[in-house]
Amino acid sequence: MKRAAAEILREYGPFPDAERVNGVTYDGKNVWFATGDKLKALDPESGAIVQSIDVASHAGTAFDGEHLYQIAEDRIHKVDPKTGKVVATIPAPGNGGDSGMAWAEGSLWVGEYRAHKIHQIDPETGKVIRTIESKRVVTGVTWVDGELWHATWEGEEGDLLRIDPETGDVLQEVAMPSGVSGLESDGGGCFFCGGGSSGKIKAVRRPGHAATDKVSAPGK
């Protein structure tokens with residue numbers, strides 16, 4: 001297994017009116033993050049908040065190319081980012097124990113924190129299609145280039161883990177300086193990592209890949 005320390009490219013926040021970061025996703029332009037009662041959009045180049053939506057946002061966040069998905073206690077809300085309206089709601093697979101969430105291959109992938117599980121679910125019904133068992137707690141989930149990564153947060157420590165989607169075995173580990181409350185890839189060389197009660201988001205280099213220009217030159 002490959003082990004490495006995280007290379008932090010940039011840190012954002014803390015932000016006004018956002019005491020927590022409960023989940024993160026990326027829409028190709030902005031990083032959306034859950035704060036408890038709002039979803040906020042961050043421009044990763046300028047570091048500015050460019051949009052805010054009033055919606056319950058207690059854990060993971062995902063984006064399917066058109067809509068945002070947001071865990072709110074034991075439900076998942078489908079949100080139109082243009083209007084801020086909840087257009088559909090499905091049950092969350094962990095019945096309130098849900099954590100991170102990602103969109104990939106036409107499905108939602110939802111972490112169940114203490115159960116060490118990642119569920120692939122139907123985004124229309126919430127039906128569980130399959131379940132992946134991990135060896136660690138799950139606090140964030142993302143797929144990139146066919147790789148399944150998830151975040152952890154135990155005590156004061158956190159990691160980013162690439163796992164085998166069939167066996168749950170850890171294939172690669174990136175040690176973070178603190179716990180991670182949400183995880184998303186930009187599709188290239190960067191992970192966006194939520195920092196929980198710190199109210200911050202860290203941009204971290206994806207091992208073996210060049211950093212994205214937007215986040216590698218803070219202040220420009």
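A cavity is a set of grid points where a 1.4 Å probe fits but cannot get out. In this predicted model, a search of the whole structure finds one such cavity of 30 Å³ or more. Its lining is made up of Met176, Ser178, Gly179, Val180, Cys193, Gly194, Gly195, Lys200, Ile201 and Lys202. Strand 20 and strand 21 are the elements that give two or more residues to this lining. The space in the cavity comes to about 40 Å³, and the lining residues divide into four nonpolar, four polar and two charged.

The largest pocket holds about 260 Å³ of space. Sixteen residues line the pocket, and Asn22, His58, Ala59, Asp98 and Ser99 lie nearest its centre. Strand 11, residues 98–104, provides three residues, the largest share of the lining. By class, the pocket lining consists of five nonpolar, eight polar and three charged residues.

The largest nonpolar core has 16 residues, and Phe33, Phe192 and Ile201 have the most contacts inside it. At least two residues of this core come from each of strand 2 (8–12), strand 3 (23–26), strand 4 (31–34), strand 20 (190–194) and strand 21 (201–205). A second, separate core has 12 residues, including Val144, Trp149, Val174 and Phe191. Beyond its neighbours within four places in sequence, Phe33 is in contact with Phe15, Ala18, Val21, Gly23, Val24, Lys38, Leu39, Lys40, Leu42, Ile49 and Ile201.

Leu39, one of the contacts of Phe33, is placed in strand 5, residues 36–42. Strand 4 and strand 5 run antiparallel and are joined by four bridges. The hairpin between strand 4 and strand 5 passes through one residue, and Trp32 stands opposite Ala41 of strand 5. Strand 5 is also joined to strand 6 (residues 49–57), by six bridges and in antiparallel orientation. Lys40 has Ser52 in strand 6 as its bridge partner. Six residues lie between strand 5 and strand 6 in their hairpin, and Gly47 in the turn has a positive phi of about 80 degrees.

The relative accessible area of Leu39 is 0%, so this residue counts as buried, the cut-off being under 20%. With neighbours within four places in sequence left aside, the contacts of Leu39 are Trp32, Phe33, Ala34, Gln51, Ser52, Ile53, Val55, Ser57, Thr61, Leu68 and Gln70. For one of these contacts, Ile53, the C-alpha to C-alpha distance from Leu39 is 5.1 Å, at a separation of 14 residues in sequence.

Arg206 lies in the loop between strand 21 and helix 1 (213–216). The side chain class of arginine is charged, yet Arg206 is buried, with a relative accessible area of 1%.

Notes:
Residues are numbered from 1 along each chain as its sequence is written. This is a predicted model: local features need pLDDT of at least 70, side-chain atom pairs count only at pLDDT 80 or more; totals for chains, interfaces and linings use all residues. Side-chain values use heavy atoms; hydrogens and water are left out. A nonpolar core is a set of buried Ala, Val, Leu, Ile, Met, Phe, Trp, Tyr and Cys residues joined through side-chain atoms within 4.5 Å. Buried means under 20% relative accessible area, exposed over 50%, partly exposed in between (1.4 Å probe, protein chains only). Contact means heavy atoms within 4.5 Å. On a 1 Å grid over the protein atoms alone, a cavity is a set of points where a 1.4 Å probe fits but cannot get out, and a pocket is an open set with protein on both sides within 12 Å along at least five of seven lines; lining residues have an atom within 4 Å of a point. Grid points are joined across faces, edges and corners, and a volume is the space filled by probe spheres set on the points. Two strands pair if DSSP finds at least two bridges between them.
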